[in-house]
Every structure is written in C-alpha cells, then in structure tokens.
Amino acid sequence: MREIKKKISIKIFKPSYINKTNYLKWLGDKIVTKYLYRDDLDKTIKKKEILKYVTNLYRSKNDFFYLIYVNSNAIGTVKIGHIDWKAKTADIGIMIGEKNYWNKGYATKVIKLIITVSKKKINLRKLVAGTPGLNHGMIKAFKKNGFKIEGKRIKQLCIAKKYVDHILLGKFLKK
C-alpha cells in the first residue's frame, strides 16, 4: 500500500473563512489554546469579536495571517506579525488547532515555510517568537529551524495558576 504524501501549505486567512473552518472551535478549546497566552480566550469566544480580529489582521499592513493546510484540510493558523519595516523584523505565532496533527512535525514544517516566505516575499532580516517554557514541542520545532534561545523571562507567565518561564527565540534570516 502506497503512503499518501501530505502537502503542507498556507493561505491568507480571509474573514469569510471563519465560517468555512474549525477556527472558532480551536479558539474555544482550552487544550488547543493552553500555551497561546491570550487573555481574550479565557472568556467565552464571541464570533463578532473574532471576526473583527481576523478582519483587522486581513487589512493590516504589518501582519500576515494564514491558515495552515495539510492537503486540503485546514489544521491551524500562523501569523507573521508586528512587522517593523525599518528594522525588517517580525514575530511569528503558530496554532495547530487540529489535535490529531499534534506531535507529527507539522509545526516544524510550517516554521520552515514561514522562514522562506519571510525571507523571499516579505524581505525580512530576522524573526522572533516567544512561548511558555512548558511548551517543549514548540521550542523543539523552532530549534530544528535554526532559532536560538535569546532570552528567558523567569516566571513571567501564569498558566494553570502556576508561574512559568517565557522563552524568547530568534533567527537571523539575513546578516
């Protein structure tokens, strides 16, 4: 039996995709959002607020928000955000919303794809990211893509009523 090749791709997240994907379901899942560290997700998700958030990202000149696809299945989102056009830097954030795609290397592949887009299409010089120290899988995915730990903010974040370190990572795309 031949294994089906899984093609990973990204597509700009248009506001209309909220109704065509599981995005709201992902945001409402406490396990999926555990390490995102977004206070607005601690309360009941309001579709109107999420639509406004996605619309603002879609219109933004300093953010690129994408859906992550494996073949034709949307499995999560990735954002290149807070672009500083003068310094040619940005931060990235990833959410793999479909849990059956966790721990299979998709975050690593998406980071690699985002590095290529950031370097070749957006002409960025450096990417940065941050994640709770408990998020070992994400730290590993960034390191596999050449990100280095640039700092650690000791007991900076509060997750599940415990203070945890905030790991800061960075990668130079161009010297």
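Q: Which residue of β7 does V128 stand opposite?
A: V128 stands opposite G170 in β7. Keep in mind that this is a predicted model, where local features need pLDDT of at least 70, side-chain atom pairs count only at pLDDT 80 or more, and totals for chains, interfaces and linings use all residues. Residues are numbered from 1 along each chain as its sequence is written, and side-chain values use heavy atoms, leaving out hydrogens and water.

Q: What makes β5 and β7 a pair?
A: Two strands pair if DSSP finds at least two bridges between them, and strands themselves are DSSP runs of E with at least two residues, numbered from the N terminus. β5 and β7 (residues 162-172) have seven bridges in the antiparallel sense, so they pair by that rule.

Q: How do you know whether K126 is buried or exposed?
A: Buried means under 20% relative accessible area, exposed over 50%, and partly exposed in between, using a 1.4 Å probe and protein chains only. K126 has 13% relative accessibility, so K126 counts as buried.

Q: Why is β5 described as largely enclosed?
A: Five of the seven residues of β5 are buried, so the rest of the structure largely encloses this strand.

Terms used:
Helix = DSSP H or I, 4+ residues; strand = E, 2+ residues; numbered from the N terminus.
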